[in-house]
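Hi everyone, thanks for coming. Today I'd like to walk you through one structure, step by step, so please have a look at it with me.

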Amino acid sequence: MDKTILVTGGAGYIGSHTCVELLEAGYKVVVVDNLCNSKSDSLSRVEEMTGHNFQFHLADLRDMAAMQLLFKREKIDAVIHFAGLKAVGESTEIPLAYYQNNVGGTANLLEAMNEYGVKDIVFSSSCTVYGAPETLPLREDFPLQAVNPYGQTKLTIEYMLKDLAASDADWNISILRYFNPVGAHPSGEIGEDPLGIPSNLMPYITQVAIGELEELSVFGDDYDTPDGTCIRDYIHVVDLARGHLHALSKLEENPGLIIHNLGTGQGYSVLDVIKGFETATGKSIPHRIVGRRAGDAPAVYDDPTLAEKELGWKAELGIEAMCRDAWNWQQRNPKGY
Ligand code: NAD
Ligand code: UFG
């Protein structure tokens, strides 16, 4: 394999795991990241784990000159585009920063790709583009509706990519809508390293387990679900990373624009995840039911049929592996990188 993949946001949580899978599959990798939400240690760890070195460009996607220079210097065959801001709450406070970074950064990236004739891209979208779903499980052809600025940026980028594909048949674009990525590489060398107090469930749980945080607040137990807590489709980050390699292979068939959900199809409630974590790790998680968190949908889970049929990809790791690997990462790196 002598294909070179540019991984934007490669120092981040999902990007670093995808770099491992790419390098182990024989791809060459080039990473661009401005480290606004990550540390370069993740990249050193990827090199150590895989025994492969790669080029890292410390640059911002919003810097057009830097992007052009990157494409001039490196011979890129395809791009996996993770770089973006992702905190829903923050996006409601500083929406323009989200539009500038996510939409503006992506527009720059696509311009530079176009200029250098690189027209294969896999894009990180999110199941948040379905808004609060009325029908479950979620299929790719369901109506789209963003309910916060972060989701709007994902939706805007999806529309931008659709327009681009319609304008030029040379573009091959895979939009992947992730459900809830959790867990870490089983080696415990790389994992999720949120800045400050985590807002997502799994990193909050592991920080309670390690004693960094006192107890978990469960946001609401009066939803219309079997135990009253919200249901999500948690997916192991290694399964998710592998999904990108399947999408890349699919792009070689020149499919134009394709859209797939990446989830397991299995929903777990907040209480299920707590129990799953306690069973997988033997650690008990002190928790207390508090009021609902604004904006949470009662239940969100995937219909994984299309990704299996068209990409030949299916999630293999269950909730036990997700909890075990998240905990292994946290124990080996109590303060993150
Ligand atoms: P992350 O924050 O760990 O990684 C994103 C990386 O992009 C970071 O390393 C950050 O420094 C970099 N970055 C951000 N803006 C940049 C810019 N302008 N120029 C260069 N680098 C920049 O996030 P993640 O969890 O790995 O998510 C990756 C992608 O997947 C994001 O686009 C996110 O929106 C999407 N996604 C994530 C989740 C999730 O729950 N983690 C769910 C659905 C979709
Ligand atoms: N939860 C708690 N306590 C916490 C944190 C979360 O009870 O301290 C609950 C939430 O209320 C929700 C569930 O755990 O019911 C999952 O919450 P997360 O914050 O982990 O995940 P979300 O489903 O809210 O959203 C995440 C990302 C979004 C992304 C979405 C789908 O934050 O950006 O997954 O990928 F769009």
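Predicted model: local features only at pLDDT ≥ 70, side-chain atom pairs only at ≥ 80, totals over all residues.

Let's begin with ligand 1. Which residues come nearest to ligand 1? There are 26 residues around it, and D33, N37, S38, K86 and Y150 come nearest.

Now for some individual atoms. The side chain of S38 has an N or O atom 2.6 Å from an oxygen atom of ligand 1. With N34 we turn to the backbone: one of its backbone N or O atoms lies 3.1 Å from a nitrogen atom of ligand 1. How much of ligand 1 does the protein cover? On its own the ligand has 810 Å² of accessible area, and the protein covers 94% of that.

Where in the fold do these neighbours sit? The elements giving two or more residues to the shell are α1 (13-24), β5 (120-126) and α6 (149-167). The largest share comes from β5, with 3 residues.

On to ligand 2. This one is surrounded by 23 residues, and the closest are S126, F179, S217, R232 and D296. Here the shell splits into 13 nonpolar, 6 polar and 4 charged residues.

S217 shows up again when we look at atoms: a polar backbone atom of S217 is 2.7 Å from a nitrogen atom of ligand 2. A backbone N or O atom of L201 lies 2.9 Å from an oxygen atom of the ligand, and for a backbone N or O atom of S199 the distance to a ligand oxygen is 3.5 Å. Taken alone, ligand 2 exposes 690 Å², of which the protein buries 88%.

Two elements, α7 (201-209) and β8 (216-219), each supply at least two residues of this shell. The largest share, 4 residues, comes from β8.

How many cavities of 30 Å³ or more does the structure hold? There is 1, and the volume of the largest cavity is about 50 Å³. Its lining includes K3, Y27, D77 and E252. What kinds of residues make up that lining? The count is 5 nonpolar, no polar and 4 charged.

That's my tour, and I'm happy to take questions!

Technical notes: Residues numbered from 1 in each chain as written. Chains lettered and ligands numbered in written order. Heavy atoms only, no water. Near = heavy atom within 4 Å. Polar contact = N/O pair within 3.5 Å; in protein donor to acceptor, adjacent residues only side chain to side chain. Areas by Shrake-Rupley, 256 points an atom, 1.4 Å probe, with all protein chains shown as cover. 1 Å grid on protein atoms, 1.4 Å probe; cavity = no way out; pocket = protein on both sides within 12 Å on 5 of 7 lines; lining within 4 Å. Points joined across faces, edges and corners; volume = space filled by probe spheres on them. Nonpolar A, V, L, I, M, F, W, Y, C, P; charged D, E, K, R; others polar.
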